[in-house]
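Hi,

Here is the model I said I would pass on.

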Amino acid sequence: MTLHNVLRVRGYTSQGDAVDFGSEALDSAGLDLLPIVVGSEGMLAVTTEVTVRLVPKPQLARCIVASFPTIEAAGDAVANVIARGIVPAGLELMDQRMTAVAENYVHAGYDLSAAAILLCESDGTPEEVAEEIAAMTQVLTESGASRIDVSEDEAQRLTFWSGRKNAFPASGGISPDYMCMDSTIPRRRLAEMLSAIQAMEAKYELRCVNVFHAGDGNLHPLILFDANDPEQFRRCELFGADILETSLRFGGTVTGEHGVGVEKLNSMCVQFSQAEREQFLAVKRAFDPNEILNPGKVIPTLQRCAEYGKMHVRHGKLSFPDLPRF
Amino acid sequence: MPPPDAAVTRLIDQIRSARPRGAVLDIVGGGTKGFFGEPPRGEPLRLQELAGISSYEPSELVVTARAGTPLRELEQALADKGQCLPFEPPRFRSGGTVGGMVAAGLAGPSRAAVGSLRDYVLGATLLNGRGEVLTFGGQVMKNVAGYDVSRMLAGSWGVLGVICEVSLKVMASRVSTATICFELDERRALADLARWAGLPLPVNASAWHEGELRVRLSGARAAVRSACEKLGGTLLEAEAAARWWESVRDHTHPFFGGDRLLRVSVPATASPLGFPGQQFIEWGGAQRWWRTPAPVAEVRDAAARAGGHATVVRGDKSGGAFTPVSEPLMRIHRALKTAFDPERIFNVGRLYADL
């Protein structure tokens, strides 16, 4: 999380007073307001300066690419790595279609026959990396990996990552538009989530490619659609909302790192009760009594949630989908 | 959210009847931290009944426990699976609870290396002053839905509401640990710690006291071994070292025993503060405990000039146990108190007189 690396946020309150949240010390007097300010999407204060913690650059990084014959095996492998107490510097999952799209774009040499591939990185001192790579290789093999490649040098490591890092532009190459989702689920439910998304592809008649920050259970399904076709756009939005609400049912959250903005206001109505949303609105007013900072974002009004609740009943079957509702 | 159970219902009844009875409530877990901060006052709101580990998924590195769960019980459950709370919350006396740990927000020797208690909070269920049961955050590692209320509860000393249940990220216990020690004066010790902080070394804790610097290395076996060789110093016997770090963590070390104890939190690189008396430095220089006859105001001024603050743990609290915050921040504090606890019934005055 960003918060863990922020020491101080300097800026102004909504009333124009200069203010520091946090300090260069490891804690500050009073309530710890940094967590509430970091990630608040500009709702609580105006930030003018940020002090972050720096860490020494690791001496060495190496990356494993592991292929799995089924999504379930890849999902289990993620859980097994974490359960062994290993904390990889990166642990990413791409499904077969995403891998094919990325491979076509960067030619990283990915295994196209795999149902999913995992990218698993270790960094630190050469001794630490050697120990961790050995441990991860063992767990991945025991979890049923059908092929394991370990980067031998920095150039190869960057090649291994190139497909993952270009997953978004590569997807742009196979579809006029895509909508990137961002939710988090408990890691053990990754495989189940991918099956659910497959079922949604049939339901909404749209394709979806999947790339996950698997180590954190943070999903980035990319729904492919054509924004020039209003009907596709409508189905895409319903598809996205379905992914978010399924994530909630699996014990997750509607946004892992990208935030709420305005796009996910409706999903906030599902994640939080009315009392919780009212408490959020009270927090907003505590910082910004006149509600002049980014009004209308992050926390939906009670009225909006009431409206969404009614709409929800006819999920996917709006009578007048072209009418502006909010 | 499932309907609240009997223990929560009793708490809600006591909360809702407090204001009409003219009562304020003192939220009590194990009652082990009453000496820290401003004195508790009011009618006890007891959380012992609200106890137990609600869920624990070792492979997810997440545990959820109710507030009254004894910290000892939680740590034992984690140890049974080879896991731990890496921030080493202090246990000043036995009987402390999970809720009290979060409300105090304190961390032990490893804090500078692994992060604070707040960094391990994933979610919390809170009872606000209206007796509403509210859940913020969750049980997943990354979550930015809504304001991060659950992490703000860490170190809030109960002034915003009653923590009923909390989800924490846990970690595997370290594979390998070694403690090395050096004879160094304060200035040299701080300089070495600052230099080491910029290097990729597995430094997990440090403590300087009376001319001796102890450094705990922790991590992969090979990394600890190579760091020991690189740094030199005298290797301490493992069992004795572990016991010694526990005594620092829990303040059973004799240094922490007197009737005056100040905690000074400054940037790690701050110059020696030079008060008369004895000092115990942790966190690479960022946490400096003082037993000093210097007036509290003087210590606070020096801490502020260094970019930090000072807490009176024991001693003269006439200027407040905690350093007052700036007026714009205090306005936000008061407004947040009103937002969560409009009738001002929870732990009134425990953090600041105004809250």
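Is A:G215 buried or exposed? A:G215 is buried, with a relative accessible area of 14% (buried means under 20%, exposed over 50%, partly exposed in between, with a 1.4 Å probe and protein chains only).

Some housekeeping before the rest. This is a predicted model, where local features need pLDDT of at least 70, side-chain atom pairs count only at pLDDT 80 or more, and totals for chains, interfaces and linings use all residues. Residues are numbered from 1 along each chain as its sequence is written, chains are lettered from A and ligands numbered from 1 in the order in which they are written, and side-chain values use heavy atoms, with hydrogens and water left out.

Back to A:G215, which sits in the loop between β10 and β11 (218-225) of chain A (helices are DSSP runs of H or I with at least four residues, strands runs of E with at least two, numbered from the N terminus). A:G215 touches A:I82, A:L91 and A:R187, leaving aside residues up to four places away in sequence; contact means heavy atoms within 4.5 Å. From A:V78 it is 137 residues away in sequence, yet 6.7 Å away in space, C-alpha to C-alpha.

A:E205 belongs to the loop between α7 (190-204) and β10 (207-213) of chain A and is exposed, at 62% relative accessible area. B:R344 is in the segment after α10 of chain B and is partly exposed, at 32%.

Now for where the chains meet. Axes are lines fitted to C-alpha atoms, for helices over the stretch in contact, and angles run from 0 to 180 degrees between N-to-C directions.

In chain B, strand β11 (residues 203-209) has six of its seven residues buried, so it is largely enclosed by the rest of the structure. β11(B) pairs antiparallel with β12(B) (residues 212-219) over six bridges; two strands pair if DSSP finds at least two bridges between them. B:A207 stands opposite B:R214 there. In this hairpin, with two residues between the strands, B:E210 takes a positive phi near 45°. β11(B) is also joined to β15(B) (residues 278-282) by three bridges, again running antiparallel, with B:W208 opposite B:I281.

Chain B also has an open sheet of five strands, in the order β3-β4-β8-β6-β7, with antiparallel pairing. β3 (53-57) and β7 (133-137) are at the edges with a single partner strand each, so one side of each has no neighbour in the sheet. The twist averages 10° from one strand to the next. Within the sheet, β6(B) (residues 121-127) and β8(B) (residues 162-169) run antiparallel and share six bridges; B:A124 has B:V166 as its bridge partner.

Cheers
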